[in-house]
Amino acid sequence: MLNLIGRRRCLSAELNSSNVLLFIDSSAIMQWHRSMTTSKRVQDRSKKKRVHDLEIVTEKHKILSKVLLIFEVLKQEPQQIISIRELDDYRRQLNLPKPHKISAFLRKSPKLFELYKDDRGILWCGLTKEAEDLVREEEAIIEQHSDKAAELVTRMLMMSVDKRLALDKIVHFRRDLGLPMDFRNHWVRRFPDHFRVVQPFKPYDESEYLELANWKSSWAMTELERKALGVMHGPDDHVPGPLSLSFPMKFPPDYRQVLSRYKGKIEDFQKREYLSPYADASELKAGTLEFNKRAVAVMHELLSFTVGKRLVTDYLTHFRKEFVMPQKLMRLLLKHFGIFYVSERGKRFHVYINSAYEGSELIEKHPLIVWREKVLSFVGYRKKKETMDTLTDLQEYEDDMFESESEDENVQVENNKLTMGSLEGDFLENESEMEIDEVCSAYRE
């Protein structure tokens, strides 16, 4: 605390001088529609119809993301301290609507954040010694894995139609790919052999894009191919083309009846040949089985790049055009429930690779995931209960963090309007949009 007070006084002196395959049972849908009211929360309707373990991961992510954002805000301050009044400007990014108190959140984590009130009664926040050590540790991990991160960004460019992506869009993947805070201003210029920053549409558009500098054939091999062959990279003369690799699938135990009923269609899908995400897809016709299966491959590849094998679904939909993916991307994710799991908790939906998890734990943990788990272990100070292993624990904890009943994260049906046609008999052919609430209706209790 003395350290924080000293920094605060120094700053004050300076101041004075001068951001499954899922199959819907039609009867289940009709039964659900009869009992549904649009005023209910999606979360409340589907509480018993979730993959519990991955919902725990989502809840932990919601808490952790707030902490990491505050870390980043403080890192940008000259003395790594900020007034609570100034921190209030980040409410939207923190997903913390009024009347929740930011100071209440900070006080619940005394091992990470120090609070100090100056002579004028203004409350300030800074990092504890433990938090400063954690910040330095993260920076070291990111730097250590920077070359791999550059490879992943390059592969994203290689998958794109024009071999070019807007920096405004890539920045959404920053934390998920393990990129540093200076990604946009400095990091992207460290790898001129891989990519370059361009402004192709000046003077009409001043936006910056990241453009592929050199095609690397050995990198044009999917993560699935690499695992199947047991290699880190492909050969230097590798040419991406048609693939026949099956996608790893993992279903909840209560899906036995669904698997039995649709076993043949699942097998047909897995056997169907598809085009590599790195191959030219310009000749594929939107809406065809081949087009959609390639889209599944693209989504699987992008999720495989992330440290948590998880993304906010908005981040995927931002790239529909660039990666030649269908407009109704959410429906495709929901249909292939054995490959992906969509968590609808909160204002934003999250999508996971099912097979990457064993329960609520990642099977292969990137060092950044290990670091984030360490950060989460410092969050909160509960003498009665030291661990938060269940969904109820996490929900109660998050409510307690803000001295208010709950976060305002209602997802109203009218805000996610999607039309639903019967999926019976048109397993992949029908591309009508589907609401996530309707997917929940097919979950087996």
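The contact between S10 and strand S11 (residues 350–353) consists of four bridges, and the two strands run antiparallel. Within that pairing, Val342 has Val351 in S11 as its bridge partner.

The model under discussion is a predicted one. Its secondary structure comes to 19 helices and 13 strands. The protein has 445 residues, of which 53% count as buried. Its accessible surface comes to about 21400 Å², and carbon and sulfur atoms account for 49% of that area.

A further open sheet of three strands has the order S4-S6-S5, again with antiparallel pairing. Here S4 and S5 stand at the edges with a single partner strand each, so one side of each lacks a neighbour in the sheet. Neighbouring strands of this sheet are turned by 25 degrees against each other on average, direction ignored. In general, the strands of a sheet pair through backbone hydrogen bonds, in either a parallel or an antiparallel manner.

The pairings on either side of strand S6 can be followed in turn. Strand S4 (residues 164–166) pairs with S6 in the antiparallel sense over three bridges, and Arg164 has Glu211 of S6 as its bridge partner. Strand S5 (residues 195–198) is joined to S6 by four bridges, and these strands also run antiparallel. In this second pairing, the partner of Phe195 is Leu212 of S6.

What covers the two faces of strand S6 can be read from its side chains. In a regular strand, the side chains alternate between the two faces of the sheet. In S6 (residues 209–212), Tyr209 and Glu211 lie on one side, Leu210 and Leu212 lie on the other, and all are buried. Both faces of strand S6 are therefore covered, given that buried means under 20% relative accessible area.

Among the helices, H11 (residues 174–177) contains Arg174. Is Arg174 buried or exposed? The relative accessible area of Arg174 is 12%, so this residue counts as buried. Arg174 and Arg184 are ten residues apart in sequence, and their C-alpha atoms are 9.5 Å apart in space.

The account now turns to empty space. Rolling a probe the size of a water molecule over the atoms shows where such space is left. The second largest pocket holds about 840 Å³ of space. Its lining comprises 28 residues, and those nearest the centre of the pocket are Glu223, Lys227, Ser304, Lys309 and Glu364. Which helices each supply at least two residues of this lining? They are helix H9 (146–159), helix H12 (223–229) and helix H14 (289–305). H12 gives the most to the lining, with four residues. By residue class, the lining of the second largest pocket divides into 14 nonpolar, seven polar and seven charged residues.

Methods:
Residues numbered from 1 in each chain as written. Predicted model: local features only at pLDDT ≥ 70, side-chain atom pairs only at ≥ 80, totals over all residues. Heavy atoms only, no water. 1 Å grid on protein atoms, 1.4 Å probe; cavity = no way out; pocket = protein on both sides within 12 Å on 5 of 7 lines; lining within 4 Å. Points joined across faces, edges and corners; volume = space filled by probe spheres on them. Nonpolar A, V, L, I, M, F, W, Y, C, P; charged D, E, K, R; others polar. Buried < 20%, exposed > 50% of the residue type's maximum accessible area, 1.4 Å probe, protein only. Areas by Shrake-Rupley, 256 points an atom, 1.4 Å probe, with all protein chains shown as cover. Pairing = 2+ DSSP bridges. Axes fitted to C-alpha atoms, helices over the stretch in contact; angles between N-to-C directions.
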